[in-house]
Amino acid sequence: MGKVVSNRFFLARFELSSTGGNRLGITVTKRVGNAVKRNKIKRLIRESFRLHRNELIGAWDINLIAKITAVELSSQQSFLNLKDIFEKISRSIDY
């Protein structure tokens, strides 16, 4: 799959979308924590994507992978780190 951007808490693999819209896949493995923690991270990722999908430049298929360190983040910190990831994706455009 295309390109990769990351920060301390999240890694995103992405490529240009063939459907013309932004799509999101989420990967949170058991190594991150129990089901409650994994589901919380997935909810935060979905909400952040919902808020920032219109700011993304281009149409992307994105797979966001939570690193083990993501479990220690507060909601606000998660949103800031995910916004950083989405901005990196928008900056990487080179048709």
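**View 1. Strands S1 and S2 pair in the antiparallel sense.** In this predicted model, four bridges link strand S1 (residues 3-6) to S2. A hairpin of three residues joins S1 to S2. Within this pair, Val 5 has Ala 12 of S2 as its bridge partner.

**View 2. Strand S2 also pairs with S4.** The two strands run in the antiparallel sense and share seven bridges.

View 3. H1 contains 18 residues. From the first C-alpha to the last, H1 reaches 26 Å, close to the 26 Å expected at 1.5 Å a residue. The buried residues of H1 are Arg 38, Ile 41, Leu 44, Ile 45, Ser 48, Phe 49 and His 52. The face turned away from the buried side of H1 carries the exposed residues Val 36 and Arg 43.

**View 4. Other elements cover the buried residues of H1.** The cover includes S2, strand S3 (23-27), S4 and H2.

**View 5. The largest nonpolar core has 21 residues.** Those with the most contacts inside this core are Phe 10, Ile 41, Ile 62, Leu 64, Phe 86 and Ile 89. Strand S2 (10-16), helix H1 (35-52), strand S4 (60-66) and helix H2 (75-91) are the elements that give two or more residues to the core.

Terms used. Residues are numbered from 1 along each chain as its sequence is written. This is a predicted model: local features need pLDDT of at least 70, side-chain atom pairs count only at pLDDT 80 or more; totals for chains, interfaces and linings use all residues. Side-chain values use heavy atoms; hydrogens and water are left out. A nonpolar core is a set of buried Ala, Val, Leu, Ile, Met, Phe, Trp, Tyr and Cys residues joined through side-chain atoms within 4.5 Å. Buried means under 20% relative accessible area, exposed over 50%, partly exposed in between (1.4 Å probe, protein chains only). The expected span of a helix is 1.5 Å times one less than its number of residues. Contact means heavy atoms within 4.5 Å. Two strands pair if DSSP finds at least two bridges between them.
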